[in-house]
Amino acid sequence: MGEASLLEVRSLAKAVPGPRQLFRNLDLAVAPGELVAIIGESGVGKSTLLNILAGLDDANHGTVAIDGTVLGSLDDAGRTRLRRERIGFVFQAFHILPYLTLRQNVALPLALVSPDARAAEARAEEMLDAVGLSGRGDGYARDLSGGELQRVAIARALVHRPALILADEPTGNLDPETARRVLALFAEAVRGHAAAGVMVTHSDASAAIADRVLTLGADGLVERRV
Amino acid sequence: MSDWAGLISGRLALGWLIGGEWRFHPARFVTTAVAIAVGVALGFAVHLVNGSALSSFDGAMRGVSGAADLSIRATSPLGFDERLYPRVATAAGVSDASPVVSLPARIGRTRFTLLGVDVIRAANVTPSLIGRRPRGPDSAGDAAFDEAALFLSRDALTQTRAKIGAVVPVVANGRTVRLRIAGTLPGAGDVAIGVIDIATAQWRFGKLGRLDRLDLTLSDRSVAAPAVRAILPPDAIVSSAVAQSAQGDALSRAYRVNLDMLALVALLTGGFLVYSAQSLSVVRRQRAFALLRTLGMPRRAVVAAIVTEGLGIGVVGAAVGLLAGYGLAWGALRWFGGDLGAGYFGGSGVHLVFQPRAALGFFTLGLVAAILGSVLPALGAARAAPAAALKNAGDVVDPRAPAAWIPAVLLLGAGVGMALLPAVNGLPLFGFAGMALMLAGGVAGVPWFARALLKPIAAHGAWPVPRMLAVRHLYGAPGEAATALCGIVASTALMIAMATMVTSFRGAVDDWLGTVLGADLYARTTAGAAFDPEVRMRLAATPGVAHVAFSRQIPLTIAPDRPPISLIARPERQGRDPLLVLIARAPTIPATAVPVWVSEPAQRLFGWDPGETIALPIAGRTRFYVAGVWRDYGRQAGAVLIDEADYQKLTGDTGRDEVSVIVTPGEDVARVSARMTARLPAALRDQVEITRPATLRRFALTLFDRSFAVTYLLEAVAILVGLVGVAATMSAQTISREREFGMLRHLGLTRRQLTDMLATEGAIVGFTGALAGIVLGLALAQVLIHVINPQSFNWTMTTRIPFGTLAAVTAALTGAATVTAVLAGRRATARQAVLSVREDW
């Protein structure tokens, strides 16, 4: 763990109701421009870990710091603000709002912090260009394929230049070829924006695009040679 | 940055969310806005009609009063001694006084108030009562001094269809006098009055030595009022335009407030419809809100987005409602007049009066209903954990979770407690507030009620699969049924409460009429005519008459700002009147006391209890002993019964205006009636109406039903809004389960089985709603019967349950919900099963 890490996790532990301990002693550091993939069996707590990193769930023990800000020191409003300004998300099910245009969907994180619609939409248009969807900003979710929807989601995750990008099974709903292209785009975006990227996946093929691959188990994360 | 700052900076995103939702679901927006509009329109229209009628009534009172500074009024039609006039005219602070004789009169069938004035005095004090001849004002008074000259207001002239110069027979105080229409009364406004010289009025119409009113102009009110009060006899009171206005207001206030409240039921139902629609919309957008929360939208922004939607619905609905309400009121006044059925404002021409404060009030109520309907779903959406909501497909129902009942019990308890508080200024405000809380509690308890109802059915394992699925779905998610049902439960409960109250009231009135109309024939005089002692003897001696009881009924003003009570003089001391329904009596009547029996409304209004000594402003004798309390549903302002011998001794009034007749057994009632008519003097014959008790009873019940007709209409609209709510909500719920139906079709359920499942669900939901509405309605009826009615109208009754209505409501609601569910199900199951589950693959 270096001083330049954008994400620092120390001694994290999480138990669920009942006798079950999901993980403990979990340490993780992610540097700017680095993409880390976390793999593990179903039910091991991968999504829970992402939720804790996003401030959507609480750990039983340990600390999470994003760009120097310790999540535990923030109340709900502070965590909300941190997510709004410093974190980007990519989901397996895309979650593109069907009643907003694609441009508005991408611009949503900017619209949450500023009422300047023109600036937000111009930046969203840039991001759509960057993910290969030039000129599609006026369209709606129903007009796109799964791969295109996930590219819109990636554009949305990066539009506000976050320090940390969290991705939960970003290619789980895509065919292999589309998944490969989307992952390449995702990795390029993380590196190009010098953000810290954490991706949770089942798939070894998806994990292969990451700089580091970590396996999540009951005793935390174990690095795996790719 | 706080949550609030985040809300402000995120307003662009909020705008996109709200705009997107409305663009994609305009029907939802329109339906909810229309529901609010209907509620606002009904409430505003009823308020406008009543307000306009009251305003016209007020104007009519001012027209008859002539807008004097202050008036001395007789407490009864017997008037007061005219020797009071010079004493009042010279009292300190009084600059001028105008004596007036006032009589109810008619020309043909046109009824009007006949005023006798001194034209010279009236010219100074009440110039609006000065007549105008075709050539100009009658300021010289030469026509007014003509004993046959009559000046009619425009309204009276129009109604009589007579022309100026015509000689017409005027009937008043039992006498007919031919008068010449000499001109009009331009200052009288829209009121039917006629003015003649006071000497003619006293001489020709039998009021010699008596006056009914003294109109005053004052040089110093603060000096005049106490000076005049000091010299007043007991049979006169000081009154002002304000007090007159208050009297008119008091007469109908409880009725108007009750009708306003009823009209607001539709708005309340509209508010619940907003709640249903917003709840569904929130469930549908659960993942969208979760996404936005994940992306950093503050909780308050989620609340703000949904409440802003409610605000938009409220603004549009309330604005449209005000316009529609104004149109509705205009139409109602144009086609039905100012009386909404209760008979308070009959007879006066009513013009629509726009009431800006009422408009603002109803607009605000519309907004509040829409916003409140949105707040609970908004808070629920903001509370949802975003991570869980993003992962789940939206169905996070846990059938093991108990249905909450504590909020319902608390609200119901608070409602009952509040309903027990006394009236405020004669209005049952706490009663209405208590009903609102009980209603909220009842609606909050629907999930618990639904689960309790379904528990034994759910435990029964041997159902066919479609029905088992239906029962399990509703048992597991009773909140869903409650969302669909809240509006209809509220409107049904209020409808059942009203129906129970009206049934109880009607039954009580019917029973009461059966008792009080115990004679075979009834007769009464009109236009102030009376049966004098000679006529009474002749009538009593009519062959076939076994028993006659003559009575006198006159209005008696107790306080200038309250409507007069009825003083009824009847034979009472020679044995208790069998027609009197006594509900309380004093243990003994002191030998020296003059007993009176007060009606239940009089007891409640004035606090006159049996055994008390009370003062009545009549004939100078002011102390009476309350010997008992009798049930009376006929006179809302109260009545006092006095033995006719005591009455005659005190007042010297030998006239009687009503008679009840018991015919000899075996005699033909119609023949006896004809014989009695034949024995009347020719001049009196056309001033006496003879009726049978059955006719009176039918007439009374027709009046009763008419006075509640508008109530039924308002309830019907509320039920309709509630049914639309059930239909819209159930449709939306069914359509949102498309994927579930797709999955079931994959598993092998036929479309017919799906329809069976949905029909069962619909029937259960409708039946549950009807049952919940009935239980809640019967509880609310107790507040109406035992709190609202006594506090508003001062009469009590026992509960009678309208079983037929309950059965009809249950059948209608169950049927409507079943049909709605089946129709919505057809649409939802029409798509190919494969497409329905595509997202789950």
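Which residue is the bridge partner of B:G116 in β10(B)? The partner is B:I196. This is a predicted model, in which local features need pLDDT of at least 70, side-chain atom pairs count only at pLDDT 80 or more, and totals for chains, interfaces and linings use all residues. Residues are numbered from 1 along each chain as its sequence is written, while chains are lettered from A and ligands numbered from 1 in the order in which they are written.

Strand β10 of chain B covers residues 193-197. Strands are DSSP runs of E with at least two residues, and helices are runs of H or I with at least four, numbered from the N terminus. Two strands pair if DSSP finds at least two bridges between them. Strand β4(B) (residues 110-117) pairs with β10(B) in the parallel sense, over 5 bridges. Strand β7(B) (residues 149-152) runs antiparallel to β10(B), with 2 bridges. Here B:L152 stands opposite B:G194. A residue is buried if 20 or more other C-beta atoms lie within 10 Å of its own, exposed if 12 or fewer, and partly exposed in between, with C-beta atoms placed from the backbone. In β10(B), 5 of the 5 residues are buried, so the strand is largely enclosed by the rest of the structure.

Chain A contains 7 helices and 10 strands. Its C-alpha trace spans about 50 × 40 × 35 Å along the principal axes. Of the 226 residues of chain A, 51% are buried.

The contact between the chains takes 26 residues from chain A and 25 residues from chain B. Residues are in contact if their C-beta atoms, placed from the backbone, lie within 7 Å. On the chain B side, α2(B) gives the largest share, 8 residues.

Technical notes:
Contact = placed C-beta atoms within 7 Å.
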